[in-house]
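Subject: Structure handover and notes

Hello,

Here is the structure for your set-up. My notes follow below it.

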Amino acid sequence: MSVEDIAGRRGGHPRMNPQTRATLEDVARLAGVSAKTVSRVFNQRDLVNPETVARVLDSARRLRFRPNTLARGLRSGGRTNVVGLIVGELGNPFYYKVAAGLEKELAANGYSLLLASTDDTAEGEERVADALLAQRVAALVLIPAAPDQSHLDGERQLGTPIVAIDRPGRNVVADSVVLDNRAGVHEATRHLLAAGHRRIAYLCNPASVHSQAERLAGYRAAMAEAGIADTSAWEVLEDRRGVSGEELCAHLLDAAEPPTAILCGNNRMTVGTLRALRDRGDDSTALIGFDDFDTADILGVTVISYDPEELGRTAGRVALQRIADPSGFTQQIVLPTHLIERGTGERSPKGRP
């Protein structure tokens with residue numbers, strides 16, 4: 001740092017003066033080797049004398065040189081060692097836990113993760129998919145938000161593997177890793193029926209995505225098995241951003257015959273329902289939510305649970321297999337769910353009008 005830099009402080013802070021990045025040729029000059037040798041050290045190290053490798057790596061460290069893997073992949077017409085992941089809004093714990101599992105699987109195999117968010121909108125999905133694919137990602141993993149993923153099929157035909165998590169891709173040839181949504185909600189509904197409930201509501205937003213359609217089917221099937229064929233009065237199905245579980249639950253509780261039990265289709269609806277019940281001082285309505293969340297055990301909330309990190313890890317394994325061997329039939333892997341009894345789902349309807 002020059003004298004001017006040291007003296008040039010404003011408000012007690014040093015002036016920022018970025019340096020020019022070192023090039024491969026700079027490393028070669030410092031190490032006393034050719035640029036081709038430096039390239040081999042970073043690409044085919046086993047072909048270079050170990051002493052030369054050590055000298056080149058030491059020079060690179062001293063110059064803070066980092067090879068541009070993206071540019072190298074593009075020059076060779078290939079792809080990077082980066083996998084793209086498209087999720088919804090980052091505030092949802094489900095998304096970042098899936099991302100954590102995927103990142104661990106990729107890192108163990110020499111790949112990095114590039115994350116982008118759609119804010120749970122169809123328009124956002126296509127926009128961020130285009131941005132990631134422009135980076136020549138080795139594979140694209142996504143939690144579909146749009147009703148149609150046909151815009152990805154052209155890239156798939158060019159060799160980029162597409163893997164869908166939680167919901168299968170539509171109008172695209174893609175592998176998928178999903179939950180046994182139908183069985184999970186079927187089990188939870190039977191659990192409430194066994195406790196004596198008959199007025200069991202199902203609440204979800206969004207309702208049109210594949211995972212919710214499967215969960216709703218599990219609820220309806222269990223109710224039909226109990227002789228309750230028409231559940232329309234107990235279903236609150238929304239597809240409006242910004243409508244909270246608290247609002248939807250209030251609608252249910254204000255009905256002439258309010259439910260004695262509520263099933264929530266995702267963790268956001270469960271949290272909203274908890275607020276609505278708390279505001280009314282209601283500690284008798286039974287509640288089961290799909291998706292565990294951080295404070296559910298402290299609050300005693302019964303949930304349909306699964307391992308979101310395992311969803312990510314499994315998707316990572318599928319993506320890596322598809323990168324290694326693009327041929328073969330697509331696969332859909334279904335992971336199990338299980339009911340965790342904590343109290344709210346075990347409330348009895350006895351004494352309720």
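Arg 317 touches Glu 105 and Glu 310, leaving aside residues up to four places away in sequence. Contact here means heavy atoms within 4.5 Å. Arg 317 sits in helix H14 (residues 308-324). Helices (H or I, at least four residues) and strands (E, at least two) are DSSP runs, numbered from the N terminus. Arg 317 is partly exposed, at 32% relative accessible area. On that scale buried means under 20% relative accessible area, exposed means over 50%, and partly exposed is in between (1.4 Å probe, protein chains only). From Arg 317 to Pro 336 it is 19 residues in sequence and 17 Å in space, C-alpha to C-alpha.

Some ground rules. This is a predicted model: local features need pLDDT of at least 70, side-chain atom pairs count only at pLDDT 80 or more, and totals for chains, interfaces and linings use all residues. Residues are numbered from 1 along each chain as its sequence is written, and side-chain values use heavy atoms, with hydrogens and water left out.

The parallel sheet

Two strands pair if DSSP finds at least two bridges between them. Axes are lines fitted to C-alpha atoms, for helices over the stretch in contact, and angles run from 0 to 180 degrees between N-to-C directions.

Strand E3 (residues 139-142) pairs with strand E4 (residues 162-165) in the parallel sense, over 3 bridges. Leu 140 has Ile 162 in E4 as its bridge partner.

Is strand E5 (residues 175-179) enclosed or open? 5 of its 5 residues are buried, so E5 is largely enclosed by the rest of the structure. In a regular strand the side chains alternate between the two faces of the sheet. Both faces of E5 are covered: Asp 175, Val 177 and Leu 179 are buried on one side, Ser 176 and Val 178 on the other. E5 pairs with E4 in the parallel sense over 3 bridges, and Ile 165 stands opposite Val 177. E5 also pairs with E11 in the parallel sense, over 4 bridges. There, Val 178 stands opposite Val 334.

The mixed sheet

Another open sheet has 6 strands in the order E7-E6-E8-E9-E10-E12, and its pairing is mixed. Strand E7 (235-237) and strand E12 (338-340) are the edges; each has a single partner strand, so one side of each is left without a neighbour in the sheet. The twist averages 15 degrees from one strand to the next. Strand E8 (residues 261-264) and strand E9 (residues 286-290) pair in the parallel sense over 4 bridges. Leu 263 has Ile 288 in E9 as its bridge partner.

Helix H9 (residues 181-194) packs on this sheet. H9 touches strand E6 (200-204), E8, E9, strand E10 (302-305) and E12, and its direction makes about 170 degrees with that of E9. Helix H10 (residues 210-225) packs on the sheet as well, touching E6, E7, E8 and E9. The direction of H10 makes about 175 degrees with that of E6.

Aromatic pairs

There are 5 aromatic pairs. Rings of Phe, Tyr and Trp (its six-membered ring) pair if their centres lie within 6.5 Å; planes under 30 degrees apart count as stacked, over 60 as edge-to-face and the rest as tilted. Phe 94 and Tyr 306 are edge-to-face, at 6.2 Å centre to centre and 75 degrees between the planes. Phe 94 lies in H6 (residues 93-107) and Tyr 306 in the loop between E10 and H14, so the pair ties together parts 212 residues apart in sequence. Phe 290 and Tyr 306 are tilted, at 6.0 Å and 40 degrees. Phe 290 is buried, at 0% relative accessibility, and Tyr 306 is buried at 10%. Ring pairs link Phe 94, Tyr 95, Phe 290 and Tyr 306 into a cluster.

Best wishes
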